[in-house]
Amino acid sequence: MSPARESEVDVLIVGAGPAGVMCANALAMAGVNVRIIDQRPVKVAAGQADGIQPRTIEVLQSYGLAERLLREANQMHMARTNRAADVTAPTARWPFEVTLHQGGIESIFLDSMKAHGVTVERPIIPTSIELSTSEAELRDPTAHPVTVALQYLAPQEGESDTEIVKAKFVLGADGAHSWVRKQLGIALDGEQTDYIWGVIDIEPEGDFPDVRCKTAVHSHNGSCMIIPREGDLIRLYIQLADRDVLDPATGRVDKARVSPEKLLSVAKASFAPFRMDAKDGKFDWWTLYIIGQRVAAQFSVQERVFIAGDACHTHSPKAGQGMNASMNDTHNLAWKLALVLRGWADISLLKTYEFERRKYAQDLIDFDKKFSKLFSGKPRTDDNQDGVSHQEFLDAFQTFGLFTSGIGVHYAPSAITAPTHQSAAAQLTIGERMVPHVFVRAADARPYDIQDVLPADARFKLVVFTGKVTSAAQAARVRALAEELDRPGGFYHRFGHGAPERVFDVLSVSAATKEEVNYTDLPKFFRQHWSKVLLDDTDLYARVGGGGYKRYGIDAERGAIVVVRPDGYVGAVAPFEHVADLDAYFAAFMVA
């Protein structure tokens, strides 16, 4: 066998599940030198996680991937509690969940990565990881302080089965039993619950009328949940009794004691008197799990090795959060890595990954404890007044809607989230994602949702709401603002690295109508490309658009500047007269 190969890389990702491929794709699109390895010889073919929440659809859209997802997946609009909407999030652009097996979702990312020259290398496992103790090396973003030894499980004939990789950064996206987390000695804080569940994916046969709705069934035989899937598939979550699955000698779950047929027989008892069978007796996929609710004590070591997804938080799958939390972890991390690697941001920016996502993970576990208890409880009856009432379950389902949909995720104040001038855009919460709304393009009156002009391209978006530029006084304020933003000492040029359009994307939104203004009426700084000027007006048929200033709580007489982070979250807002506060905002983490 030939000696071990040696190589260098900017980012090495261990694990090609949802968190890993989200990160690899985002970094590949940003031009980062990234590699991703996985121990599985092939990608997931069926089963695993399957639910995509409304906010995650918006995130995929920011990478240009939502169209394929919506085409291939099942859409889940109604929850069978009392014919309620499945999603209770008023500002959701896509107010429904979609379901598609994990392999199908991963394929969307794998194909996008391939178009950018990155493929998953398999089957490979890491065998050792070592982090430099040199403070100078750890603080130098051009250094390679992480050394990882890789073992190829199926090497080509004559090639070494080992490789030594020197990396600037490493991401452990290697699941709940994360090797990376264990090597770093990071503890998982939390507890294992007593709730044991089985999962089967089937094409159903029977007379239950709500198999194409998200349905929660509470019965004396246990709880059951239906998640409709792509094609004719459905997923059944089935609550199990300890005696069904635990090995009496060890107290551990013993999968050998259960079969998919046995799981279905338990479900049948819950659905009675309705009939529920698997078509042709076939099972597409099945598994067992005990709900563990844990959060890693830290999400990174020295801002050089990170963990994401199931590696840093575990919880029940029934609220459809797992894959969403995982992908949004690395959506949050990827742009920060890209800016640091380009030399545009200080390495301290990476501290905000743990600050933002660990708080979210803790909130997720707190929610999951309440939801799992409700879901796993027995129904309330005359004989069991301590049980869960239908109304309690429905109330919780709707109360948690903003959280479960991802729409209500709120990042606390930090270097990249500055709520100082919240009143200038009162309905556009700083620390939350940019609320979708349709505006029309000034040059051709084509309607656009604002999210579609804010792609995840590692650039900050400066969305300048110019107000009513038909007023001479406001037009003068807009001209003065353009000069202020374009001055050599301001943040735009100071942190623009000689080509500020690569760091900042400037868009303007006028409160004037299409009859009142041409895009050329705005100062050149606010129309760096003809497509970058929008109007808060309806389209030519008055079907969509208009009312955006009101929706965002922005005064059309005064205007406002909105800074949207590369991940689509509002980072800061400023009145025209407070550009100095934006200079300070970017100076806190950007590098000149």
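Which residue lies over the face of Tyr-152, and at what distance from the ring centre?

Analyst: Arg-5 lies over the face of Tyr-152, 4.2 Å from the ring centre. A charge sits over a ring if NZ of Lys or CZ of Arg is within 6 Å of the ring centre and within 35 degrees of the ring normal. Arg-357 has its charged end over the ring of Tyr-360, 4.3 Å from the centre. This is a predicted model, in which local features need pLDDT of at least 70 and side-chain atom pairs pLDDT 80 or more, while totals for chains, interfaces and linings use all residues. Residues are numbered from 1 along each chain as its sequence is written, and side-chain values use heavy atoms, without hydrogens and water.

Rings can also face each other. Rings of Phe, Tyr and Trp (its six-membered ring) pair if their centres lie within 6.5 Å; planes under 30 degrees apart are stacked, over 60 edge-to-face, and the rest tilted. The count by this rule is 24 aromatic pairs. One of them is Tyr-411 with Tyr-569, tilted, with 4.8 Å between centres and 40 degrees between planes. Tyr-411 is buried at 3% relative accessibility, and Tyr-569 is buried at 3%, where buried means under 20% relative accessible area, exposed over 50% and partly exposed in between (1.4 Å probe, protein chains only).

Phe-525 and Phe-526 have ring centres 5.6 Å apart and planes at 75 degrees, so this pair is edge-to-face. Phe-525 is buried at 8% relative accessible area, and Phe-526 is buried at 0%. Both belong to one aromatic cluster, whose members include Trp-335, Phe-460, Tyr-492 and Phe-589.
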